[in-house]
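Reader: Could you take me through this model, please? I would like to begin with its pockets.

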Amino acid sequence: MTLRAATADDLAAIMTLERASFPTDAWSEAMMREELVSPHGWYVVDDEAGRLVGYAGLRAVAGAKDADVQTIAIAEVSRGRGRGRAMLRALLEEAARRGVTDVFLEVRADNPVAQALYVSEGFAEIGRKPRYYQPDDVDAVVMKLDLRGWARASTSSATGFDGGVCT
């Protein structure tokens, strides 16, 4: 597994994975392009032998004390190997570098695997948004993480990601 910061050159591969992962509510290419170049966004990709098998994004406005996990997607054939956790931790480490204290996210209520990952990293459910995911009419589970507590609990970085390459 190799994690690296995403670039605009990754857009086509990200969009292929986006459409495969979220067939009914994928982001548009224009939306994703804006995320990749925004000064408030930070995206990481998981590259395996020159093939993008995952990506994840964080939105952290400069000077803000909160941030949002925008998305995490992993190719179906690459799931279940710790890639999602590694990308999530890379996002959380970046949020900490930016001075964030609280991280929020929404996750589909019908995705217990993702919910379990977030809970295992210290996220707690704080609410629900009914029928948030359209056109599927699926609720969003809103979760929050106290990043300072997470950082204290993390004795060492499991990702080894320092803005360079993680292998």
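This is a predicted model: local features need pLDDT of at least 70, side-chain atom pairs count only at pLDDT 80 or more; totals for chains, interfaces and linings use all residues.

Reader: What volume does the largest pocket have?

Author: Its volume is about 1100 Å³. A pocket here is an open set of points on a 1 Å grid over the protein atoms alone, where a 1.4 Å probe fits, with protein on both sides within 12 Å along at least five of seven lines. The volume is the space filled by probe spheres set on the points.

Reader: Which residues lie nearest its centre?

Author: Phe22, Ile72, Asn111, Ala114 and Tyr118 do, out of 35 lining residues, lining meaning an atom within 4 Å of a point.

Reader: And which strand gives the most to that lining?

Author: Strand 4 does, with seven residues; strands are DSSP runs of E, at least two residues, and helices runs of H or I, at least four.

Reader: Turning to helix 4, which of its residues are buried?

Author: Ala114, Gln115, Leu117 and Tyr118 are buried, that is, under 20% relative accessible area with a 1.4 Å probe, protein chains only. They lie on the same side of helix 4, because they cover an arc of only 160° around the axis, taken from the directions from the helix axis to the C-beta atoms.

Reader: What is exposed on the other side?

Author: Pro112 and Val113 are exposed there, meaning over 50%.

Notes. Residues are numbered from 1 along each chain as its sequence is written. Side-chain values use heavy atoms; hydrogens and water are left out.
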